[in-house]
Every structure is written in structure tokens, then in C-alpha cells.
Amino acid sequence: MTRKKNQTTTRVQGVELDFISEDKLATMTAIEKIRFILDEVRSSKILVLERGLTPEEEAKLIELTMIEITPDGFSGIEIESYPTKQNTSIFGKIFGKNTTRTRLTVIGPADKLKTIKKDRDMITAIVTKQ
Amino acid sequence: MPIKLFSWIKKLFKKKRMARIGIYGPPNAGKTTLANRIVRDWTGDAVGPVSHIPHETRRARRREDITIEANGRTITLDIVDTPGLATKIDFHEFMRYGLEEDEAKRRAKEATEGVIEAVKWLEDLDGVILVMDATEDPFTQVNVTVIGNMEARHLPMLIAANKIDLPEASPTRIRSAFPQHTLVPISALEGENIETLYDEIANRFG
């Protein structure tokens, strides 16, 4: 049910792309998000997150990815997101509110997803079948 | 809220003289070359070996009590040279540099452990020098992640746009990618513009 509501799945030449809504990720804890992402990527799916991970979550994802790398098996992930945005309002600073705004993120297995070019406003990637 | 406000006021009036600074960046950006340059300039010693093969540094190396005098200030730093951050490590890449399969696999295993160590160090630092290869695209995920972590922790950061001795280097590209951060174009290998880097280290971390 939840999957139907929050997730749209498209098959493109044998490679599955999952578009994950902000709402779905918002219901998960940090470790749940990372586990979900790694499980999906390890099953050869490409994920497009409507809102990405916080910088701390990204660092944790890198850490857990390294643990799962094996020779001749999983070689890691390709992840691309736009730089996060910070709330620069005086109100936010005074009250110490952490208002990092995460942005669209693409994650996939390193052997299937290759980033061609990335700049502030555009990510160009190719997905390969292996 | 009051705790946050008080700690900000305390920081404002307290002159910090000691800082633990991590040197971060992707593999082969020149982190160890820079760490060697800083440590050699101020102590006459070195931190570790460098190589054209990625992930030469697979253990974080910390050098304590590096005293830098620049811009009329004196600052004592602990310098932590960290392994290159990456999201993927494939031993086949090392074989392309001529390593035997067993050696390449061992290097890959050690490299993954090094990345974990580098990530864990992020929690124990007072600031970061992010080394970027000025001949490469600056929008790598590693750069975005390190910058995001420093911004989220409200810790000072300095970007060293390295390898400006190479003709294809473009520090301007990095500056326009991350305009909110102080950037110093350098050649860690040749020592070019390194005095400016020391001035900025004293300004940012002193």
C-alpha cells in the first residue's frame, strides 16, 4: 500500500528506476533510510530521491557502503545530489534551528550508474545494463 | 536556544589558539602532498608517502603541535591527513596501475577501511581544509558531502584549489561552484601561493 502511494516504478531496458517521494523518506529514521537505500541499490536499482539525505546521513551512507564492498561483488555506489541549502535567517541562527535543506539525489550501483557531468543546476548521468 | 546563544557569545570572546584540522578531499587531490608541505615548512618533518596510484593514504595520520606564524598571528594545529573519501572502490582500478590482483584487492580492502576512518574523523575536528584538484570537476559528491557536513556543524572550512601548476587548472571553476567558502589556489607540490594559504589558515582557524 505504502509503496503504491509513495513510489513510482519505471522499467527502462531492464534497469529499474525508483522515484522515492519526500513523504516516504520522512517516515524513516536515518538508519532506516540508509538501510533501505543500500538494499535497493544492492539489488541493482537506481533510486531518485525527491529530497536527499542530510550531510550527516550521506557520511553515514558512505561509511556503510564501504563496509559492504567486496571484491568481485559490490563495488560501491554512485551518488549525486545538488549542494544542500542552509537557512540563513537571523531567527534560525538565534534559535539554533538546523534547517539544512536537502535536495534531489540520484543513487545507484557504481557499476550501473555513471555520472557524466554535474554542475550547480544539472546532473547528467547514464545508466548501463551489465 | 539560550545554550546555543551563550556558546556563540563565548566563542566570540574566547581566542582559540589550538585547533584540530582535518585535510579532506577525494583520492589523488594532493592531501598528503599538502600535509607534507605544511608539516615540512613548520617542523622540517613529513607526514607520509605520496603516489600517483589512488588511495595511497589508507590510514589517517595525525601530526600534533604544528605552530604556524602568519598574518601577525600564531596558531598551533593538530593536522590530520585523512584517506581520500570515495563512494566506490573497485580493485580492478588498481590493477590498471600495474598492481597484481592480490595486492590490488588488499589495497581496495584497506582503502575501504580508510574511508570509514576519514568519515569518523569528521566528528572530532575543529575545522577542515578541503583539497580539490583544480583540474577536475569540483561538483563531486565527496566535496558536496564534506562541505555539507562542515556547514551543518557550523565549523570553519577552507578550500585549497590544488595543482595550479598544471596548465589545465581552473580555480575559478571551484570558486564559482562554492562561492560561500574561502578558497586559496595553491600548488602543494611546488609551494606556489602557500604563504597565502598560511595567512588564511591563521584567519580561519586562529
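Trainee: What makes residues of chain A count as buried, and what share of the 130 residues is that?
Mentor: Buried residues make up 28% of the 130 residues in chain A. The model is predicted.

Trainee: Why is β4(A) called mostly covered?
Mentor: Five of the five residues in β4(A) are buried. Each therefore has 20 or more other C-beta atoms within 10 Å of its own.

Trainee: Which residues point each way from β4(A)?
Mentor: Ile77(A), Ile79(A) and Ser81(A) point one way. Glu78(A) and Glu80(A) point the other way. All are buried, the two glutamates included.

Trainee: How do you know that β4(A) and β5 of chain A pair?
Mentor: Two bridges are enough for a pair, and these strands have five, so they pair. β5(A) covers residues 105-109, and the sense is antiparallel. Within the pair, Ile79(A) has Ile107(A) as its bridge partner.

Trainee: What holds paired strands together in a sheet?
Mentor: Strands of a sheet pair through backbone hydrogen bonds, either parallel or antiparallel.

Trainee: What pattern does chain A follow along the sequence?
Mentor: The pattern is α-β-β-α-α-β-α-β-α-β-β-β. That comes to five helices and seven strands. Of the contacts in chain A with a separation of 6 or more, 61% join residues 24 or more positions apart.

Trainee: How do you know that chain A is in contact with chain B, and how many residues are in contact?
Mentor: The test is C-beta atoms within 7 Å, so the 30 residues of chain A and 27 residues of chain B counted here meet it. On chain A, α4 (55-68) and β4 (77-81) are the elements that give two or more residues to this side. The largest share, eight residues, comes from α4(A). By class, the side of chain A that touches chain B has 12 nonpolar, 10 polar and eight charged residues.

Trainee: What is the strand order of the open sheet in chain B?
Mentor: The order is β2-β3-β1-β4-β5-β6, six strands with mixed pairing.

Trainee: What makes β2 and β6 of chain B edge strands?
Mentor: Each pairs on one side only. β2(B) spans 61-70 and β6(B) spans 182-185. Neighbouring strands of the sheet are turned by 25 degrees against each other on average, direction ignored.

Trainee: How do you know that β1 of chain B pairs with β4 of chain B?
Mentor: They share four bridges and at least two are needed, so they pair, in the parallel sense. Gly22(B) stands opposite Val128(B), and Tyr24(B) opposite Leu130(B). β1(B) is also joined to β3(B), by six bridges, and those two run parallel. There, Met18(B) stands opposite Thr76(B).

Trainee: Which residues have the most contacts inside the largest nonpolar core?
Mentor: They are Val128(B), Leu130(B), Val131(B), Ile159(B), Ala160(B) and Ala161(B). The core has 75 residues. Helix α4 (residues 101-121) of chain B gives the most to this core, with six residues.

Trainee: Which residues does Ile159(B) touch?
Mentor: Leaving out residues up to four places away in sequence, Ile159(B) touches Leu130(B), Met132(B), Ile174(B), Phe178(B), His181(B), Thr182(B) and Leu183(B).

Notes. Residues numbered from 1 in each chain as written. Chains lettered and ligands numbered in written order. Predicted model: local features only at pLDDT ≥ 70, side-chain atom pairs only at ≥ 80, totals over all residues. Contact = placed C-beta atoms within 7 Å. Nonpolar A, V, L, I, M, F, W, Y, C, P; charged D, E, K, R; others polar. Axes fitted to C-alpha atoms, helices over the stretch in contact; angles between N-to-C directions. Core = buried A, V, L, I, M, F, W, Y, C linked by C-beta atoms within 7 Å. Buried ≥ 20, exposed ≤ 12 C-beta atoms within 10 Å, placed from the backbone.
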